[in-house]
Amino acid sequence: MIQNLKSFDRRDSALVLAHILFAFFALFLGGIAGVMQGLVRGGMLALPMGIGYYQLLTAHGVLMALIFTTYFIIGFLYAGVARTLGGRLLPIARNLGWLGFGLMTLGTAIATVEILLNRATVLYTFYAPLKASPAFYIALVFVVVGSWMSGFGIFINYRYWKKTHRGETTPIFTFMAVVTMLMWIIATLGVAIEVLFQLIPWSLGWVDTVNVVLSRTLFWYFGHPLVYFWLLPAYMCWYVVIPKVIGGKMFSDALARLSFIMFLLFSIPVGFHHQLMEPGISNVWKFVQVVLTFMVVIPSLMTAFSLFASFEMHGRSVGAKGLFGWLKKLPWKDVRFFAPFMGMLIFIPAGAGGLINASHELNAIVHNTLWVTGHFHLTVATSVALTFFGITYWLIPAMLGREMTPLMHRMGIIQTIVWMVGMFFMSGAMHTVGLLGSPRRTAFTTYQDSADAVGWMPYHVAMAIGGTILFIGVVMMIINVVMLLSAPKGETEFPIAEASEAAEKSPAIFERWGVWVGVLVVLILVAYSVPVMDIISNASVGSKGFKTW
Ligand code: HEM
Ligand SMILES: [Cu+2]
């Protein structure tokens, strides 16, 4: 049983809040870049002061996909670990958390300066042979190593708890946090190798050329689990927090843990589904990794089932009748529920789009078009972002010993609706115009008035309108955060649900990390060793660096 803690240790709150507020600062800056991109592509804005479109796009991708997400996630995980492992962090975990924060912030600052000085206009995927300044790549190392420090802090705290609670099952929040960080560390090894052994020596001029296919392969070995690094914390909210917010129970503790183990196994050996159009990788290995990719459907459907089962169970327990009567029993006016629920809903079309992207033949149609951009603005920028916003509404007051007011619930619900409307236009237009062939990552152009490109323009205008509405949503969220910081004093719970009495107990095998990491390593070796040996032994001449901006 989890003790019901009234307040957090102030030192833990400070660590958590530092991460959360930094995340929202990044969201704000990234939002400014985003709306400008939309307006440029809609033909409504020419960038002032010599700012380049791709420079802006690099800033947007880095700030949103890498900084906003990572800071928020680490703050959220630390808060939950403190909450579920006895009420406060071990001093060493807290110190590692601060060390991680410091390193990541140093890295973010350097990277931002390099992007602003136009020395790193390589987009957030920093694909070779685009070549940024060495400082940009070194900054990335700081960000990654910083996040490892935070991961180690969580592991140490977990190990200590295990030692002092022999035979007990780890609280599910911490279990999930450990899975998330384990996956993150194993995944970031790929990008660390790419940056340390390929990009930094090359950008410093120690070597002339870079093996491009290898660098992209290492990137996507990391890049797909990156999306699961965003998603798993959102799932943690859906599995563990939401049932408590609605006043119900988790459908099954064991099912939730099993799905996390499956996400751990099937999110890494699958990076080739981002490289389906890449020459230099044989179709056999693309096929193997696509099969592994589709395995993720199983835990995804388990998750969907579990969530709706817990909604229905709760509704019926308070007297809901009929097939869908339980829907009416959900707390629609509670933003802690409403925002993440909208995120869940959007994950249905988002996931379906993902299956399209991962299918070789269909990928050929959508690859590198705005369809893809539309897709991940549903996944990360809606499902994940709205869930993180939903968490913020109780996390900040819980950290500060404050309390939300009904006005804040209303503001939050309006913010969520604004986001949904903006995304409907922006992502809807991106999906459609992508199918018509409009490329992503392209500044305004009509290709000398080519008929096709002119036909795309109305959709680009819709994109710009949606982007503007979304930017209003960003500003509203920032206002909400400021309001939360100065909310009236009071008590806010950190909602953690218990499993329903009818549910099976979780088997101990779920915490045999050696087993799961072992299986994962085998899967990674199966999926990657032959193709990577191919890429290395049949390497072409390699590419010198290009500065296209
Ligand atoms: C105000 C809200 C937002 C607006 C107006 C916006 C707008 C845009 C636009 C127009 C593009 C595509 C540009 C192109 O391909 O030429 C883009 C790309 C992107 N956005 Fe957003 N976005 C917003 C929020 C977010 C959020 C919250 C995230 C993630 C958490 C995000 C992540 C990305 C990423 C990763 C890219 C791809 C960058 C690249 O291709 O290198 N965006 N965004
Ligand atoms: Cu992927």
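A donor here is an N, O or S atom within 2.8 Å of the metal, or 3.2 Å for Na, K and Ca; water is not among the atoms, so sites may look incomplete.

H274, at 26%, counts as partly exposed. The cut-offs are under 20% relative accessible area for buried, over 50% for exposed, and partly exposed in between, with a 1.4 Å probe and protein chains only.

Before the next site, a word on conventions. Residues are numbered from 1 along each chain as its sequence is written, and chains are lettered from A and ligands numbered from 1 in the order in which they are written. As the model is predicted, local features need pLDDT of at least 70 and side-chain atom pairs count only at pLDDT 80 or more, while totals for chains, interfaces and linings use all residues; side-chain values use heavy atoms, with hydrogens and water left out.

Now ligand 1, which holds an iron atom. Which residues does the protein supply as donors to that iron? They are H60 and H377, both through NE2, and they lie 2.0 Å from the iron. H60 sits in helix 2, residues 53–84, and H377 in helix 12, residues 370–400, so the pair ties together parts that are 317 residues apart in sequence. Helices are DSSP runs of H or I with at least four residues, strands are runs of E with at least two, and both are numbered from the N terminus.

Why is the iron arrangement called octahedral? Because the six donor atoms around the iron atom of ligand 1 subtend angles of 87 to 180°. Six donors count as octahedral if opposite donors are over 155 degrees apart and all others between 65 and 115. Ideal octahedral angles are 90 or 180 degrees.

Next, the shell around ligand 1. It has 26 residues, and the closest are R41, Y53, H60, H377 and R441. A residue is taken as near if one of its heavy atoms lies within 4 Å. Helix 1 (10–41), helix 2, helix 12, helix 13 (406–435) and helix 14 (451–485) each contribute at least two residues to this shell. Sorted by class, there are 15 nonpolar, eight polar and three charged residues. Nonpolar covers Ala, Val, Leu, Ile, Met, Phe, Trp, Tyr, Cys and Pro; charged covers Asp, Glu, Lys and Arg; the others, Gly among them, are polar.

A polar side-chain atom of Y53 is 2.6 Å from an oxygen atom of the ligand. R441 uses a polar backbone atom, 2.7 Å from a ligand oxygen. For H377, a polar side-chain atom lies 2.8 Å from a nitrogen atom of ligand 1. A polar contact is a pair of N or O atoms within 3.5 Å; within protein, one must be able to donate a hydrogen and the other to accept it, and residues adjacent in sequence count only if both atoms are side-chain atoms.

On to the backbone. Where is the cis peptide bond? It joins A128 and P129, with omega about 10°. P129 lies in the loop between helix 3 (91–116) and helix 4 (134–164).

Two residues have positive phi without being glycine. M49 has a phi of about 55°; it is in the loop between helix 1 and helix 2 and is exposed, at 76% relative accessible area. N368 has a phi of about 60°. N368 is in the loop between helix 11 (360–366) and helix 12, and is partly exposed at 43%.

Last, the record. UniProt, in an unreviewed entry, places the feature "domain: Cytochrome oxidase subunit I profile" at residues 17–510. UniProt positions are in the numbering used here, feature names are shortened, and annotations may be inferred rather than shown by experiment. Over residues 17–510, the chain is 72% helix and 0% strand, with the end C-alpha atoms 31 Å apart.

Technical notes: Four donors count as tetrahedral if all angles lie between 85 and 135 degrees; four count as square planar and six as octahedral if opposite donors are over 155 degrees apart and all others between 65 and 115; anything else is irregular.
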